[in-house]
Amino acid sequence: DRERQRETERDRERESSASPREEGNNMRLAFSVVHCDSFSTGFPPSNLHDATPHSTGWISSPFPSFPQEIVIAFNGVVAVKRISVLSHEHFIPARVELLAGNVSYREAPSFKKAKYARIGYVKFSKVASGVQERQLQKLEVDAKCCFLKLCISAPLGHQKNLCNQVGIGDIAVEGDIHVQESSKLLQAGQQGLGFQMLLHGIDLHEDFLSAEAKSAGVNTMAGKILRDIQRLKNDSKDREDFEEAMRLSGLEKKVREAGERVMKLEAEKRSAVEREDYQVAKTVKTEIDQLNMMMEACMKDAMRRPSNLRNDEDRQRLEEKLSMLETEKQSAVEREDYTAAKAIKGEIDKLKVRLMMTN
């Protein structure tokens, strides 16, 4: 009885901590669903790790057993800070228990062999008759894991839930990659144990770009290209080349629109494959390939050297600015303002690179 009372008190503390807090440097973590007890046709668990603004989410099979379990795997060991669960509008579970799973470094990792520890839960409310509204519940946690298990309870009553189903519209896990622990698992894999849930090993940079692109509503390729174009555009603004910045803004818009379109087409392609309409899937894939090629062409266009950097007049302007910065740096050193001197040196280095580009 005392243990049950302590558990109840811990539940209340965790539930009360589910209010939002500042995100800080946390990012949305990429994951894959590696286990699901059941699903309905057209609502597979892959909708959760490949979520789009038009995603229909996951729905259990009719009249399932409870609790329904879903296990997701991250791309390495992660430090989880916040978990957000969006319910279905009709198939609303009363409660979702959340458990963090970790594996030993001495054996090939598997969600079946992972040891799970309960980190809290989220609760949903019964909605009034005729109301169609998804509920978003958030839980603040501090957990280290490579798997996350969701134990989904029986549904709350709803007039449109005739088959006693439950559904999840979206799952968002925020935190960061635990670099040290991920490295240990990677080293173990190199020794032959294998981190089987990773398709291509741990790539922290790739994982970050994928999560960043997903949060922006574009595919990963578009996310990478947008990052590069934005960097080039910022450089153009720094050197007051506003015509070039305007040109890059146009390319940025084209890539963003193409990336958003690809995300929608990927969802259409998955749907076509699931219903075995391979002709439609082939047609959609062709359009995706064309959009990806167009984005690559935009990146090549963005990388071409602006013509106004090639004339002597622009080179003279850069040299004059460089001379002025050298004088400012020397002045900062003389008054022992080394912080300012360091910042000016950074600007000087950038100018020297730009002067090299004019040759």
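**Exercise 1. At what angle do helix H5 and H6 pack, and how far apart are their axes?**

Solution. Helix H5 (residues 220-238) and H6 pack at an angle of about 165 degrees, and their axes lie 9 Å apart; the axes are lines fitted to C-alpha atoms, for helices over the stretch in contact, and angles run from 0 to 180 degrees between N-to-C directions. Helices (H or I, at least four residues) and strands (E, at least two) are DSSP runs numbered from the N terminus. Angles under 35 degrees count as roughly parallel, over 145 as roughly antiparallel, 65 to 115 as roughly perpendicular and the rest as oblique, and H5 and H6 are therefore roughly antiparallel to each other. H5 passes H6 in a left-handed crossing, a term used if the near helix is turned anticlockwise from the far one by less than a right angle, with right-handed used if clockwise.

Before going on, note that this is a predicted model, in which local features need pLDDT of at least 70 and side-chain atom pairs count only at pLDDT 80 or more, whereas totals for chains, interfaces and linings use all residues. Residues are numbered from 1 along each chain as its sequence is written, and side-chain values use heavy atoms, with hydrogens and water left out.

**Exercise 2. Which residues of H5 meet H6, and which classes do the residues in the contact belong to?**

Solution. Contact means heavy atoms within 4.5 Å. On the H5 side the residues include Ala222, Ile225, Leu226, Ile229 and Leu232, together with Gln230, Lys233, Ser236 and Lys237, and among those they meet in H6 are Phe242, Leu248, Leu251, Glu252, Val255 and Arg256. By class, the contact of H5 with H6 has 10 nonpolar, four polar and five charged residues, where Ala, Val, Leu, Ile, Met, Phe, Trp, Tyr, Cys and Pro count as nonpolar, Asp, Glu, Lys and Arg as charged, and the others, Gly among them, as polar.

**Exercise 3. Describe how H7 packs against H6 and against H5.**

Solution. Begin with H6 (residues 242-274) and H7 (residues 278-303), which pack at an angle of about 160 degrees with their axes 9 Å apart. That angle makes H6 roughly antiparallel to H7. The crossing of H6 and H7 is left-handed, and by class their contact has 18 nonpolar, two polar and 10 charged residues.

Turn next to H5 and H7, whose axes come within 10 Å and cross at roughly 15 degrees. This makes H5 roughly parallel to H7, and H5 passes H7 in a left-handed crossing. The contact is made by Met221, Ala222, Ile225, Asp228, Ile229 and Leu232 of H5 and by Asn292, Met295, Glu296, Met299, Ala302 and Met303 of H7; by class, it has nine nonpolar, one polar and two charged residues.

**Exercise 4. Where does Ser60 lie, and is Ser60 buried or exposed?**

Solution. Ser60 lies in the loop between S3 and S4. With a relative accessible area of 0%, Ser60 is buried, on a scale where buried means under 20% relative accessible area, exposed over 50% and partly exposed in between (1.4 Å probe, protein chains only). Leaving aside neighbours within four places in sequence, Ser60 is in contact with Ser38, Phe39, Ser40, Gln68, Gln165 and Val166. Ser60 and Phe39 are 21 residues apart in sequence, yet 4.1 Å apart in space, C-alpha to C-alpha.
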